[in-house]
Structures are given as structure tokens and as C-alpha cells.
Amino acid sequence: MKEVIDINNVSKYFGKFKALDSVNLRVMRGQKVVICGPSGSGKSTLVRCINRLEEHDEGDIKVLGNFLTNDRLCLDSIKSKVSMVFQQFNLFPHLSVIENLTLGPIKALGISKKEAMKRALYFLERVKIPEQAFKKPNLLSGGQQQRVAIARALCLEPEIMLFDEPTSALDPEMIAEVLEVILDLANDGITMVVVTHEMGFAKKAADKIIFMDEGKILEENIPSNFFKNPKTHRSKKFLDQVLNH
Amino acid sequence: MIKLKYILALFFIFSFVGCSGNSGNWGWYVIDPTTKSGLANIKFLVGGFGATILLSLIAALISIILGLIVALPSFSNNVFFRSLNRIYVEFIRAIPLLPMLFWVFYGLPVIFQSLGLKIQIDAFWGAVITLAISDSAFTAEIYRAGIQSISKGQREAAQTIGLTQYQAMRYVILPQAIRRILPPLANQFIYIVKMSAFASVIGMQELTRRANEIVVTEYRPLEIYTLLILEYLILVLVISFGVRWLERKLGSDESNSN
Ligand SMILES: Nc1ncnc2c1ncn2[C@@H]1O[C@H](COP(=O)(O)OP(=O)(O)OP(=O)(O)O)[C@@H](O)[C@H]1O
Ligand SMILES: [Mg+2]
């Protein structure tokens, strides 16, 4: 197997505050990695460093064979191969669902409008909302909006999908429909890094679980071991809180 | 339009009180359209509308473009460019309009002359330049606020679907920001219309200047300035009405399904 993400000794500061502290992480092609940990532990910061929404200060990150620097060429070569789904959906409210989906392929990948439409309708089908194609996003439920956001990311046919708490902004009854879509993708073989507190999802989908606290990776484990006997006192405490609530 | 009725009613009450109580105070005859001289006066006064509107429109147009140019550096990551924007905005906003008008009308030609340039600035263009520059500091701030009001998440989402900075601006940020920029920009036009009255002091034949001229010959300041205020009132109300319409239209676009 080939590694698609290689994070080496990465630290990140916000002013004096150390949000990431010597993080090491490798993700192989096709792997599903779930990141969990208490609020403020640096989970978002870590995934945002992978697609350079944040710049790391120390160490290096290699994505699809390229070191992440501010070099335009390097950024161009990974952009659109690494897609992201946000907690707050971040759909474009002035565009219809289908326009949200085709904008990236047309402008960034340069494919024809017709081809982009075809692709968009295919992925809308996959996230099970083809009938919403011509509505504005704000007319959709939260769960539907997040599924549009997932389809929008898929339309770029990325090699890596990043999810930052994709279900945390959703009402309980909508969490399942979104997780189901993500699980379906997981079975597809795409590389995924998912920040989530949904431990049921982690059990079913993850090849490996990362537990973070205070900017550090405290534990890296396979799900069955992580849930049965967590290695650290911290991860045990965290699991107790998440599972019993 | 309730507002208009209300204010007009106030004026009439005022005039009746004036007539019955102390008939020497009011002399509506100067603008009585049934008399020949009154009609001529009205025609002369109302004739200033064209100049006021033209002056304001051209100044607003220049201000809209200039404001955008002034606002652009404020989106830069470079501190130097950002401070250029701040300096311009703070400096221009600090200058009162009248001194700036004098500077442009009487001062600028001296500079041109010493540079050997044969550029004349007449009252019209002096007023246009002054109003446009003065207003551009405000329009620049409107652009800046409008664009910054679009959440960081939108920019990030644009980035993660592979758009360049320019494409993100063009297809994601600006189309949303424009809905928040247009209404205050149109409101700013009201400011220009009112400030255009200052052009009267450098001899521009607009509404206020014409009123002043009639006052000097007729010596009826109360009636003529009352009419002058009504003229501005009508102009401003028409513009506000347009702004409301624009706001409603943009607002309903945002929530419409298709
Ligand atoms: N742009 C920023 N500026 C300053 N501090 C920041 C910034 N972004 C994150 N931080 C800080 O860095 C730390 C890690 O934040 P991060 O968002 O990565 O945590 P998280 O694990 O994703 O938490 P949550 O579960 O609440 O989303 C937090 O203490 C946060 O306050
Ligand atoms: Mg987070």
C-alpha cells in the first residue's frame, strides 16, 4: 500500500498557543481514519493543515507525494484532489444545488458544462437527493444540505476526502442519513479522514482511530482495541463520556 | 408615503398659522403660480433640478468606481496595501466638504498652472470632483464591509473545490456581497444629493444657487427656502423609494427557490 498522507513532527501555533504539538500520522491509500478527542484538542486544525486551509509551522506534510509549501505549483497539484466537508456545510447560498456541484468541476477542472451536469446528477443520486437539484440550498433540511456538500466534494473526484465533524450541526434524526452516505462512500475505497464523535460510525468504518488531546496524538489504534482497552487514561475517560451520554 | 403627507401637512399648518396670526410674515405671492412673476420664479427654481441631478449622478458614478479601487487593497494580505486603504479613508473622511470644495475649485488650478497644464476646472466639474472624492471614502467602506460580511467558510469552501482566489471572488464572494453592497450604495446617493447644495457657493446653477438668487432679488427667504427644502425632500423621497424597492428585490431573490 502507498501512503497518501504523511505527517512528520508537525506543530502549529496560533500566536503563542500550540494547537498542534509534534504530530505524526500516516494514511495509506484507501484507508479510513477517524480522529476523535475533546473540544479544542486540535482535530480541526490537523485536518485543515492537510488541505492547507491552515499552514503548519514546524515539521512537514506530504500529500499525494508533494510536500505542502506555499509554492503555487505544489498547491495546484493537490488542490481538488483533496476535498473537504465542513461541519457548517458551507454551501453557496446564491447558487442552486446543481450549480453548487458543477462550479468546481467547470472552473477548477475545466470540464464542459454538460459533463459537469452529468457528474453532478450522478453524485446527487448517490447521496439520494436527485429531486432537489434545482432548489436553493436554504430550502433543504440540514441533513440534505450536508449530503449536497458531500456530493459537491465528490464531484471533483478527489483522491482524499476530509470530513470535519460532518454531523455535529445536525438534528439527531438527520445524523443517520448522513452517516449512511459516508459509510457508503467508505466502502468505495476512497481515502477518508473523518473527525467525528460518532463512535458507532468509527466502529463500522474506521481502519484506525486517532485520539487527540491538547494538540498531541495520544493514541493510534485499531477500532476494536481502542474501544475494548484504550491505551491511555485520557482516551478511556473520553470514551466513557462519549459512549455514556 | 405616509412620511411625505405628514411633513407636507406640517408645512401647511405652519403657513396657516403664519397667515392668520401675523400676515406680514408670509408672502406666498413670490411663488404663486397664478401670477406671472410667481410662475417665472417657480420655473427658475425648479430649473435647478437638472443640474442637481446631473451633478449628483456623475459624482456618484465616479465615487462607485473610485470607491472600488480604494477598497481593493483592503483585501490584501500585505500590510502596506491595507494601510494605503486606511490612510485614504481616514484622511478623506476627516476633511469637511466645503474646504475641500474650495481647495479643488480655487487651489487645484494653481497647481495645474504651475505644472504648465492648461486644465480649467469649472464650477460643475469642481463640484463633481469634490463630491466624488469625498464620497469615495464611504463607498470604499461599504464595499469592504459587504465583502467581509461573507463568512470565512464560503471562502474556504471555494478553496476546497479548487477555485483560485480570483475565481472564489468572482463566483462565490462577490455575487453574495453585491446584495449587501447595493442598498447602502444607493443610500449613499442621498448623501451626495444633499451635499451637492454646497456647489452653490462656487456658482454652480443648481437648486440652492437658484434659490439664493431669487431671495436676493425678491427678498422673500422664508417662502423660497421652504420651496427649496420641498424640492430636496421630493428628490430624496424618490431615491429612498428606489432604494426600498431595490432592497425588497434583492431580499426576495435570496430566499427564492429558483
Ligand atoms: N484561527 C485560530 N486562531 C486562534 N486560535 C485558534 C484558531 N483556530 C483554532 N484555534 C485554537 O486551537 C485549538 C484547537 O482548535 P481546533 O479547532 O483544532 O480544535 P478541535 O479539536 O477541532 O475542537 P472542536 O471539537 O471544538 O471542534 C483551540 O484551543 C482553538 O481555540
Ligand atoms: Mg473542530
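How far is an oxygen atom of ligand 1 from a polar backbone atom of A:Ser41? The distance is 3.1 Å, within the limit for a polar contact, a pair of N or O atoms within 3.5 Å. This is a predicted model, in which local features need pLDDT of at least 70 and side-chain atom pairs count only at pLDDT 80 or more, while totals for chains, interfaces and linings use all residues. Residues are numbered from 1 along each chain as its sequence is written, chains are lettered from A and ligands numbered from 1 in the order in which they are written, and side-chain values use heavy atoms, without hydrogens and water.

From A:Thr45, a polar side-chain atom lies 2.5 Å from an oxygen atom of the ligand. The residues surrounding ligand 1 include A:Phe14, A:Phe17, A:Lys43 and A:Glu165; a residue counts as near if one of its heavy atoms lies within 4 Å.

In chain B, helix H7 (residues 152–160) and helix H8 (residues 165–195) have axes that come within 10 Å and cross at roughly 155°. H7(B) is therefore roughly antiparallel to H8(B), a term for angles over 145 degrees. Helices are DSSP runs (H or I, at least four residues), numbered from the N terminus. Axes are lines fitted to C-alpha atoms, for helices over the stretch in contact, and angles run from 0 to 180 degrees between N-to-C directions. On the H7(B) side, the contact (heavy atoms within 4.5 Å) is made by B:Gln154, B:Arg155 and B:Ala158.

Notes
Helix = DSSP H or I, 4+ residues; strand = E, 2+ residues; numbered from the N terminus. Parallel < 35°, antiparallel > 145°, perpendicular 65-115°, else oblique. Polar contact = N/O pair within 3.5 Å; in protein donor to acceptor, adjacent residues only side chain to side chain.
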